[in-house]
Amino acid sequence: MAQASDYRFAAATDADLPRLLPVLREFYEVEHLPWNEAALRRALATLVADASAGHLRLIQCDGEIAGYFVLGFCFSLEFGGRYGLLDELFVLPAHRGGGLAKRALAEIEALCRAEGLDALRLEVNDDNAHARGIYERAGYAAHPRRLMTKWLHD
């Protein structure tokens, strides 16, 4: 297995999207998220084209995708303006166990600092104790609030 230092983070391009989609599909299956490829393609295209929306980064080893993350930007008075939202972080199973998620979190935090952000938020499923442990060990804490969503389309 490769060491965490063998991996690199690269901004995704339009050319990367066809080989990234199967990785996203695996993440969506694992997390039981609804798969809407047309909507995902639109969102991915926005991230590739508009750095003000956020960052889509590939985690690569020897030119192959080992995972990816999506860092989006939000705004909140509570957080003093813009803050980061770690929307997705996924490491393929063959690349787990060597500290890669921890290294990805450090990369994400560095991107946030470079953007002048003071806060980074994320969401993790209640039943994903492994991921929750990674985030807690990295200094993330749960807030006593419930995230709620209303879809604004049919």
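Q: What is the relative accessible area of Trp35?

A: First, the general idea: a residue is called buried under 20% relative accessible area, exposed over 50%, and partly exposed in between (1.4 Å probe, protein chains only). Trp35 comes out at 25%, so it is partly exposed. Keep in mind that this is a predicted model, where local features need pLDDT of at least 70, side-chain atom pairs count only at pLDDT 80 or more, and totals for chains, interfaces and linings use all residues. Residues are numbered from 1 along each chain as its sequence is written, and side-chain values use heavy atoms, leaving out hydrogens and water.

Q: How many aromatic pairs does the structure hold?

A: A pair of aromatic rings is described by how far apart the centres are and by the angle of the planes. Rings of Phe, Tyr and Trp (its six-membered ring) pair when their centres lie within 6.5 Å; planes under 30 degrees apart are stacked, over 60 edge-to-face, and the rest tilted. This structure has 8 such pairs. Take Phe9 and Phe69: their ring centres are 6.1 Å apart with planes at 55 degrees, so that pair is tilted. Phe9 belongs to strand 1 (residues 8–11) and Phe69 to strand 3 (residues 64–76), so the pair ties together parts 60 residues apart in sequence. Phe9 is buried at 15% relative accessibility, and Phe69 is buried at 0%. Now try Tyr28 and Trp35: with centres 5.6 Å apart and planes at 85 degrees, this pair is edge-to-face.

Q: Which residues do ring pairs link into a cluster?

A: Phe27, Tyr28, Trp35, Tyr68 and Phe90 are joined this way.

Q: What sits over the ring of Phe73?

A: A charge sits over a ring if NZ of Lys or CZ of Arg is within 6 Å of the ring centre and within 35 degrees of the ring normal. For Phe73 it's the charged end of Arg82, 4.5 Å from the ring centre.

Q: What order do the strands of the open sheet have?

A: Strands of a sheet pair through backbone hydrogen bonds, parallel or antiparallel. Here strands (E, at least two residues) and helices (H or I, at least four) are DSSP runs numbered from the N terminus, and two strands pair if DSSP finds at least two bridges between them. The open sheet has 5 strands in the order 1-2-3-4-5, with mixed pairing. Strand 1 and strand 5 (120–122) are at the edges with a single partner strand each, so one side of each has no neighbour in the sheet. Further in, strand 3 and strand 4 (residues 81–91) run antiparallel, joined by 10 bridges. Look at Cys74, whose bridge partner in strand 4 is Tyr83.

Q: How many disulfides does a search of the whole structure find?

A: A disulfide is a covalent bond between the sulfur atoms of two cysteines; the cut-off used is a pair of sulfur atoms within 2.5 Å. The search finds 0. Cys74 has its closest cysteine sulfur in Cys112, 10 Å away, which is too far for a bond. Cys74 is partly exposed at 25%, while Cys112 is buried at 4%.

Q: Which residues of helix 4 are buried?

A: In helix 4 (residues 129–137) they are Ala131, Gly133 and Tyr135. Contact means heavy atoms within 4.5 Å, and the cover over these buried residues includes strand 4, helix 3 and strand 5. After helix 4 comes Gly139, with a positive phi near 100 degrees.
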